[in-house]
Amino acid sequence: MIERRIGTHQAPRGFTLIEMMLAIGVLALILAMLASSFHTIAQSKVHAEGRLMVDREGRALLWQLSKEVTNIVQTPYALSHVVLLGTGHMGNGLPIDTITMSTFSAGHRRALTGMTPENIVTYNLTPNPDQPGWYLLQRSQQSGLLTSTVATQSMVLADNVLSLHLRYFDGQRWGESWDSASLPQGTQLPIAVAIQIQLAAPGGHMMDFATQVIVPMGIAQW
(Lines give C-alpha, C1' and ligand atoms only; values in the text may rest on other atoms or scores of the structure.)
Protein backbone atom coordinates (compact mmCIF):
# COMPACT_ATOMS: atom_id res chain seq x y z
CA MET A 1 0.00 0.00 0.00
CA ILE A 2 1.42 3.37 -1.00
CA GLU A 3 1.00 6.12 1.44
CA ARG A 4 0.63 9.60 0.13
CA ARG A 5 1.62 12.53 2.19
CA ILE A 6 -0.39 15.54 1.55
CA GLY A 7 1.77 18.59 2.41
CA THR A 8 0.21 21.70 3.69
CA HIS A 9 0.25 24.49 1.01
CA GLN A 10 1.35 27.87 2.40
CA ALA A 11 0.44 31.18 0.75
CA PRO A 12 3.39 33.38 -0.47
CA ARG A 13 4.83 35.46 2.31
CA GLY A 14 4.40 39.28 1.82
CA PHE A 15 6.50 42.24 2.95
CA THR A 16 6.24 43.38 6.49
CA LEU A 17 5.56 47.02 7.31
CA ILE A 18 9.12 47.50 8.53
CA GLU A 19 10.56 46.12 5.28
CA MET A 20 8.34 48.45 3.23
CA MET A 21 9.37 51.44 5.31
CA LEU A 22 13.05 50.55 4.88
CA ALA A 23 12.63 50.16 1.13
CA ILE A 24 10.80 53.49 0.85
CA GLY A 25 13.48 55.16 2.97
CA VAL A 26 16.29 53.82 0.75
CA LEU A 27 14.38 54.89 -2.38
CA ALA A 28 13.82 58.37 -0.94
CA LEU A 29 17.53 58.64 -0.13
CA ILE A 30 18.48 57.64 -3.67
CA LEU A 31 16.00 60.12 -5.17
CA ALA A 32 17.31 62.87 -2.90
CA MET A 33 20.88 62.14 -4.00
CA LEU A 34 19.84 62.17 -7.66
CA ALA A 35 17.92 65.43 -7.20
CA SER A 36 20.94 67.02 -5.50
CA SER A 37 23.19 65.86 -8.34
CA PHE A 38 20.82 67.22 -10.98
CA HIS A 39 20.57 70.53 -9.10
CA THR A 40 24.36 70.79 -8.86
CA ILE A 41 24.75 70.05 -12.57
CA ALA A 42 22.06 72.58 -13.45
CA GLN A 43 23.68 75.24 -11.26
CA SER A 44 27.08 74.51 -12.77
CA LYS A 45 25.61 74.85 -16.25
CA VAL A 46 23.94 78.15 -15.37
CA HIS A 47 27.15 79.51 -13.80
CA ALA A 48 29.23 78.35 -16.78
CA GLU A 49 26.86 80.04 -19.21
CA GLY A 50 26.87 83.16 -17.03
CA ARG A 51 30.67 83.27 -16.93
CA LEU A 52 30.74 82.82 -20.70
CA MET A 53 28.43 85.81 -21.09
CA VAL A 54 30.58 87.88 -18.73
CA ASP A 55 33.67 86.83 -20.69
CA ARG A 56 32.08 88.07 -23.91
CA GLU A 57 30.96 91.26 -22.20
CA GLY A 58 34.43 91.94 -20.80
CA ARG A 59 36.13 91.33 -24.12
CA ALA A 60 33.67 93.65 -25.86
CA LEU A 61 34.23 96.42 -23.30
CA LEU A 62 38.00 96.03 -23.52
CA TRP A 63 37.85 96.13 -27.33
CA GLN A 64 35.70 99.27 -27.43
CA LEU A 65 37.76 101.16 -24.87
CA SER A 66 41.00 100.07 -26.54
CA LYS A 67 39.75 101.22 -29.93
CA GLU A 68 38.91 104.69 -28.66
CA VAL A 69 42.19 105.01 -26.75
CA THR A 70 44.05 104.03 -29.94
CA ASN A 71 42.23 106.83 -31.78
CA ILE A 72 43.01 109.53 -29.21
CA VAL A 73 43.68 112.78 -31.05
CA GLN A 74 46.24 115.48 -30.52
CA THR A 75 45.99 118.62 -32.62
CA PRO A 76 49.35 120.38 -32.95
CA TYR A 77 47.91 123.21 -35.08
CA ALA A 78 44.79 124.07 -33.08
CA LEU A 79 43.94 123.81 -29.42
CA SER A 80 41.70 120.88 -28.52
CA HIS A 81 38.80 121.22 -26.12
CA VAL A 82 40.01 118.08 -24.34
CA VAL A 83 42.87 115.80 -25.30
CA LEU A 84 43.29 113.30 -22.47
CA LEU A 85 42.35 113.52 -18.82
CA GLY A 86 42.70 110.42 -16.66
CA THR A 87 42.01 110.54 -12.94
CA GLY A 88 42.35 107.80 -10.35
CA HIS A 89 39.74 107.07 -7.68
CA MET A 90 39.23 104.28 -5.15
CA GLY A 91 36.07 102.48 -4.16
CA ASN A 92 35.74 99.43 -1.89
CA GLY A 93 39.53 99.19 -1.93
CA LEU A 94 39.65 98.91 -5.74
CA PRO A 95 40.46 101.48 -8.45
CA ILE A 96 37.46 103.08 -10.15
CA ASP A 97 39.22 105.41 -12.57
CA THR A 98 37.77 107.92 -15.02
CA ILE A 99 39.05 108.86 -18.45
CA THR A 100 38.03 111.66 -20.81
CA MET A 101 39.55 111.78 -24.27
CA SER A 102 39.25 113.35 -27.68
CA THR A 103 38.98 110.52 -30.15
CA PHE A 104 38.17 109.69 -33.74
CA SER A 105 35.95 106.63 -33.44
CA ALA A 106 36.16 104.10 -36.27
CA GLY A 107 33.43 104.65 -38.86
CA HIS A 108 32.94 108.33 -38.05
CA ARG A 109 33.89 111.11 -40.38
CA ARG A 110 36.64 113.44 -39.34
CA ALA A 111 36.06 116.99 -38.21
CA LEU A 112 35.29 119.59 -40.84
CA THR A 113 38.65 121.32 -40.49
CA GLY A 114 40.59 118.07 -40.25
CA MET A 115 42.18 119.29 -37.02
CA THR A 116 39.50 119.38 -34.34
CA PRO A 117 38.57 116.14 -32.55
CA GLU A 118 35.33 114.53 -33.63
CA ASN A 119 34.16 113.21 -30.26
CA ILE A 120 34.87 113.88 -26.62
CA VAL A 121 34.28 110.59 -24.80
CA THR A 122 34.19 109.92 -21.07
CA TYR A 123 34.19 106.57 -19.27
CA ASN A 124 33.30 106.64 -15.57
CA LEU A 125 31.86 104.39 -12.87
CA THR A 126 28.85 105.08 -10.64
CA PRO A 127 27.56 102.83 -7.85
CA ASN A 128 25.00 100.22 -8.88
CA PRO A 129 21.92 100.96 -6.72
CA ASP A 130 20.69 97.36 -7.02
CA GLN A 131 23.93 95.58 -6.11
CA PRO A 132 26.27 96.94 -3.40
CA GLY A 133 29.91 96.77 -4.40
CA TRP A 134 29.12 96.79 -8.12
CA TYR A 135 29.39 99.76 -10.45
CA LEU A 136 27.73 100.96 -13.63
CA LEU A 137 30.17 101.67 -16.44
CA GLN A 138 28.88 104.73 -18.27
CA ARG A 139 30.07 106.11 -21.58
CA SER A 140 29.30 109.73 -22.39
CA GLN A 141 29.92 111.36 -25.75
CA GLN A 142 29.57 114.79 -27.26
CA SER A 143 30.78 116.47 -30.41
CA GLY A 144 34.23 118.02 -30.32
CA LEU A 145 32.95 120.73 -32.67
CA LEU A 146 29.67 121.70 -31.03
CA THR A 147 30.40 121.21 -27.34
CA SER A 148 28.29 124.16 -26.21
CA THR A 149 25.15 123.44 -28.23
CA VAL A 150 24.87 119.66 -28.42
CA ALA A 151 23.72 117.70 -25.38
CA THR A 152 25.92 114.92 -24.04
CA GLN A 153 24.81 111.42 -24.97
CA SER A 154 25.25 108.88 -22.17
CA MET A 155 24.66 105.15 -21.96
CA VAL A 156 25.37 102.33 -19.51
CA LEU A 157 27.68 99.70 -20.99
CA ALA A 158 27.78 97.30 -18.01
CA ASP A 159 26.22 97.03 -14.56
CA ASN A 160 28.56 94.46 -12.97
CA VAL A 161 31.90 96.30 -12.95
CA LEU A 162 34.04 95.86 -9.83
CA SER A 163 36.96 98.04 -10.87
CA LEU A 164 38.45 100.01 -13.75
CA HIS A 165 42.18 100.69 -13.56
CA LEU A 166 43.99 102.86 -16.11
CA ARG A 167 47.71 103.61 -16.22
CA TYR A 168 49.67 105.85 -18.58
CA PHE A 169 53.20 105.40 -19.97
CA ASP A 170 55.12 108.58 -20.80
CA GLY A 171 58.13 106.84 -22.28
CA GLN A 172 59.97 106.38 -18.98
CA ARG A 173 57.50 105.27 -16.32
CA TRP A 174 53.88 104.33 -15.73
CA GLY A 175 51.60 106.79 -13.93
CA GLU A 176 48.17 106.51 -12.34
CA SER A 177 46.82 109.73 -13.88
CA TRP A 178 47.23 111.99 -16.89
CA ASP A 179 46.38 115.64 -17.53
CA SER A 180 47.12 116.89 -21.01
CA ALA A 181 46.32 120.48 -19.97
CA SER A 182 49.41 120.52 -17.75
CA LEU A 183 51.74 119.48 -20.57
CA PRO A 184 53.19 121.50 -23.46
CA GLN A 185 51.21 121.39 -26.65
CA GLY A 186 52.52 118.64 -28.92
CA THR A 187 53.54 116.44 -26.00
CA GLN A 188 50.15 115.94 -24.43
CA LEU A 189 49.63 112.24 -25.06
CA PRO A 190 51.14 109.13 -23.45
CA ILE A 191 52.84 106.50 -25.55
CA ALA A 192 50.67 103.72 -24.18
CA VAL A 193 47.71 103.16 -21.88
CA ALA A 194 47.21 100.05 -19.73
CA ILE A 195 43.59 99.04 -19.18
CA GLN A 196 42.32 96.59 -16.57
CA ILE A 197 38.64 95.82 -16.00
CA GLN A 198 37.21 93.50 -13.35
CA LEU A 199 33.67 92.18 -13.74
CA ALA A 200 31.49 90.26 -11.32
CA ALA A 201 30.49 86.79 -12.57
CA PRO A 202 27.89 84.28 -11.32
CA GLY A 203 28.75 82.29 -8.23
CA GLY A 204 30.64 85.14 -6.60
CA HIS A 205 33.51 84.90 -9.09
CA MET A 206 35.52 87.81 -10.45
CA MET A 207 36.86 87.95 -14.00
CA ASP A 208 39.83 90.09 -15.09
CA PHE A 209 40.37 91.64 -18.52
CA ALA A 210 43.55 93.56 -19.27
CA THR A 211 45.52 94.93 -22.18
CA GLN A 212 48.03 97.61 -23.11
CA VAL A 213 47.19 99.96 -25.97
CA ILE A 214 49.68 101.92 -28.06
CA VAL A 215 48.64 105.51 -28.78
CA PRO A 216 49.87 106.24 -32.35
CA MET A 217 49.68 110.04 -32.00
CA GLY A 218 51.50 109.71 -28.69
CA ILE A 219 54.37 107.92 -30.37
CA ALA A 220 54.45 110.45 -33.21
CA GLN A 221 55.01 113.35 -30.81
CA TRP A 222 58.25 111.93 -29.35
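This is a predicted model: local features need pLDDT of at least 70, side-chain atom pairs count only at pLDDT 80 or more; totals for chains, interfaces and linings use all residues.
1. **Tyr168 and Trp178.** In this pair the ring centres are 6.3 Å apart and the planes meet at 45 degrees, so the arrangement is tilted. Tyr168 belongs to strand 7 (residues 153-169) and Trp178 to strand 9 (residues 178-179), so the pair links parts that are 10 residues apart in sequence. Tyr168 is buried, with a relative accessibility of 2%. Trp178 counts as buried too, at 11%.

2. **Phe169 and Trp174.** This aromatic pair is also tilted, with 5.1 Å from centre to centre and 35 degrees between the planes. As for cover, Trp174 is partly exposed, and its relative accessible area is 31%. If you look at the two pairs on screen, this is the kind of geometry to check: a pair of aromatic rings is described by the distance of the centres and the angle of the planes.

3. **Salt bridges: the one within helix 1.** The whole structure was searched for salt bridges as well, and two were found. One joins the side chains of Arg59 and Asp55, at 3.0 Å from N to O. These residues are four apart in helix 1, which means about one helical turn separates them. Arg59 is exposed, with 56% relative accessible area.

4. Arg139 forms a salt bridge with Glu68, and their closest N and O atoms are 2.4 Å apart. Because Arg139 sits in strand 6 (residues 135-143) and Glu68 in helix 1, this pair ties together parts that are 71 residues apart in sequence. Are the two partners buried or exposed? Arg139 is buried at 8% relative accessibility, and Glu68 is buried at 2%. In general, side chains of opposite charge can pair when their charged atoms come close.

5. **Ser66.** What does Ser66 touch, leaving aside residues up to four places away in sequence? Its contacts are Ile195, Thr211 and Val213. Ser66 lies in helix 1. A polar atom of its side chain is 2.6 Å from the backbone oxygen of Leu62. With a relative accessible area of 13%, Ser66 falls under the 20% limit and so counts as buried.

6. **A nonpolar patch.** Which residues make the nonpolar surface patch of about 450 Å²? They are Val26, Leu27, Ile30, Leu31 and Leu34. Leu27, one of these residues, lies in helix 1, which spans residues 17-70.

7. **Asn92.** This residue has a phi near 55 degrees, which is a positive value in a residue other than glycine. For context, most residues other than glycine have a negative phi. Where is Asn92 found? Its place is the loop between strand 2 (90-91) and strand 3 (94-95). Asn92 is exposed, with a relative accessible area of 61%.

How values were computed: Residues are numbered from 1 along each chain as its sequence is written. Side-chain values use heavy atoms; hydrogens and water are left out. Patches are made of residues with over 30% relative accessible area and no salt bridge: like charges are joined within 9 Å, nonpolar side chains (Val, Leu, Ile, Met, Phe, Trp, Tyr) within 5 Å. Accessible areas come from the Shrake-Rupley method with a 1.4 Å probe; for residues, only the protein chains shown count as cover. A salt bridge is a side-chain nitrogen of Lys or Arg within 4 Å of a carboxyl oxygen of Asp or Glu. Helices (H or I, at least four residues) and strands (E, at least two) are DSSP runs, numbered from the N terminus. Buried means under 20% relative accessible area, exposed over 50%, partly exposed in between (1.4 Å probe, protein chains only). A polar contact is a pair of N or O atoms within 3.5 Å; within protein, one must be able to donate a hydrogen and the other to accept it, and residues adjacent in sequence count only if both atoms are side-chain atoms. Contact means heavy atoms within 4.5 Å. Rings of Phe, Tyr and Trp (its six-membered ring) pair if their centres lie within 6.5 Å; planes under 30 degrees apart count as stacked, over 60 as edge-to-face and the rest as tilted.
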